[in-house]
Amino acid sequence: MSFAKAEFTSLKDAVARIDDGASVVIAGSMANSPMALIREMIRARKKDLDLFVSPIGGINIDMLIGANAVRSLEFPQISMGEYGLAPNFRRASEKGLIKLKEHT
């Protein structure tokens, strides 16, 4: 499909297509992450999402965990890069609040 024939939708409409409990792939980490989509998912109060992270997660995943939107997480690494550990990820991991499957 050429760019001229591509279909576009608003963030609100795109997020409305994501049901609570859906499986969602999130790409990017501290750069090139779809942060507008992440913020819209939080505003829409999405819940029980099963996230698949590629290549690594950062603030994008940490924000969704902090918003209690995540039920499970498959990931190779969650890091805030030079800013250190992802605080919501660490808290949820230590308290067993989300199901984790690490691929390292």
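Strands β2 and β3 pair in the parallel sense over four bridges, where pairing calls for at least two DSSP bridges between two strands. Strands here are DSSP runs of E with at least two residues, helices are runs of H or I with at least four, and both are numbered from the N terminus. The model is a predicted one, so local features need pLDDT of at least 70 and side-chain atom pairs count only at pLDDT 80 or more, while totals for chains, interfaces and linings use all residues. Residue numbers start from 1 along each chain as its sequence is written, and side-chain values rest on heavy atoms, with hydrogens and water left out.

Put together, the strands make an open sheet of four in the order β1-β2-β3-β4, with parallel pairing. β1 and β4 (99-102) are the edge strands, each pairing on one side only. From one strand to the next the twist averages 20°. Helix α3 packs on this sheet and touches β1, β2 and β3, with its direction at about 155° to that of β3. Such angles run from 0 to 180 degrees between N-to-C directions, using lines fitted to C-alpha atoms (for helices, over the stretch in contact).

Phe-75 belongs to strand β3 (residues 70-75). The residue is buried at 5% relative accessible area; buried means under 20%, exposed over 50% and partly exposed in between, with a 1.4 Å probe and protein chains only. Setting aside neighbours within four places in sequence, Phe-75 is in contact with Val-53, Phe-89, Leu-100, Lys-101, Glu-102 and His-103, contact being heavy atoms within 4.5 Å. As for Val-53, its C-alpha atom is separated from that of Phe-75 by 5.0 Å, although the two residues are 22 apart along the chain.

Now for the charged pairs. The structure has three salt bridges, each a side-chain nitrogen of Lys or Arg within 4 Å of a carboxyl oxygen of Asp or Glu. One of them joins Asp-50 and Arg-71, at 2.8 Å from N to O. Asp-50 is in β2 and Arg-71 in β3, so this pair ties together parts 21 residues apart in sequence. Asp-50 is buried at 14%, whereas Arg-71 is partly exposed at 39%.

Two further salt bridges lie within helices. Arg-43 pairs with Glu-40, with 3.0 Å between the closest N and O atoms; the two are three residues apart in α2, which means about one helical turn between them. Arg-43 is exposed at 55%, but Glu-40 is buried at 11%. Glu-94 and Arg-90 have their closest N and O atoms 2.9 Å apart. They are four residues apart in helix α4 (residues 87-95), again about one helical turn. Glu-94 is exposed at 59%, while Arg-90 is partly exposed at 42%.
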